[in-house]
Amino acid sequence: QVQLVESGGGLVQAGGSLRLSCAASGRTFSSYRMGWFRQAPGKEREFVATISWSGSSTYYADSVKGRFTISRDNAKNTVYPQMNSLKPEDTAVYYCAADGRHIYSNSYNYWGQGTQVTVSS
């Protein structure tokens, strides 16, 4: 069993930056692909970024490519999305997920509770 806890969300002005964190419990964290997803009010959950178990492979949604960077520290059981040049359309609840396939949210077995990111214009 893996428990995920996100942190780092908040209110930021457009053009600003935020660094989210997702801390995982469990000894198998380093073997899992990790993903980040987001859900804005009235919209479906969408893929944001994913990182392989080793950190050597990352993939981003087109909407965040060039602005977001995902990384992980397996020694600390933590994954970090660094979000730069934030836009109002990035406003959403951001969710961390573990043990899934690439961009497919339904394939992930473990989810955090989410952290709110609000970008003001």
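Predicted model: local features only at pLDDT ≥ 70, side-chain atom pairs only at ≥ 80, totals over all residues.

User: What does the secondary structure of the protein chain come to?

Analyst: It's 0 helices and 12 strands. As for burial, 46% of the 121 residues are buried. Of the contacts between residues at least 6 apart in sequence, 55% join residues at least 24 apart.

User: Why are C22 and C96 called a disulfide?

Analyst: The cut-off is a pair of cysteine sulfur atoms within 2.5 Å. The sulfur atoms of C22 and C96 are 2.0 Å apart, so the pair passes. By that rule the count is 1 disulfide. This pair links distant parts of the chain, with C22 in strand 4 (residues 21-24) and C96 in strand 10, 74 residues apart. Both cysteines are buried.

User: And why is the disulfide of C22 and C96 left-handed?

Analyst: Because the torsion about its S-S bond is about -75°.

User: Which residues have the most contacts inside the largest nonpolar core?

Analyst: Those are L4, M34, W36, V79, M83 and Y94, in a core of 34 residues. Elements giving two or more residues to this core include strand 5 (34-39), strand 8 (68-73) and strand 12 (115-120). Strand 10 gives the most, with 5 residues.

User: What makes strand 6 mostly covered?

Analyst: The count of buried residues does: 5 of its 6 qualify. Buried means under 20% relative accessible area.

User: How do you know that strand 5 and strand 6 pair?

Analyst: Pairing takes at least two bridges between the strands. Strand 5 and strand 6 have 5 bridges, in the antiparallel sense, so they count as paired. R38 stands opposite E46 of strand 6. Their hairpin has 6 residues between the strands, and G42 takes a positive phi near 80° there.

User: How many bridges join strand 6 and strand 7?

Analyst: Strand 6 pairs with strand 7 (residues 58-60) over 3 bridges, again in the antiparallel sense. I51 has T58 in strand 7 as its bridge partner. This hairpin also has 6 residues between its strands, and G55 takes a positive phi near 90°.

User: What makes S85 and H102 worth a look, given that neither is a glycine?

Analyst: Their backbone angle. Most residues other than glycine have a negative phi. S85 has a positive phi of about 50°, and H102 has a positive phi of about 50° too. S85 is in the loop between strand 9 (78-83) and strand 10 (92-98), while H102 lies in the loop between strand 10 and strand 11 (110-111).

User: Why are S85 and H102 called partly exposed?

Analyst: That label falls between under 20% for buried and over 50% for exposed. S85 has a relative accessible area of 39%, so it is partly exposed.

Methods
Residues numbered from 1 in each chain as written. Heavy atoms only, no water. Helix = DSSP H or I, 4+ residues; strand = E, 2+ residues; numbered from the N terminus. Buried < 20%, exposed > 50% of the residue type's maximum accessible area, 1.4 Å probe, protein only. Core = buried A, V, L, I, M, F, W, Y, C linked by side-chain atoms within 4.5 Å. Contact = heavy atoms within 4.5 Å.
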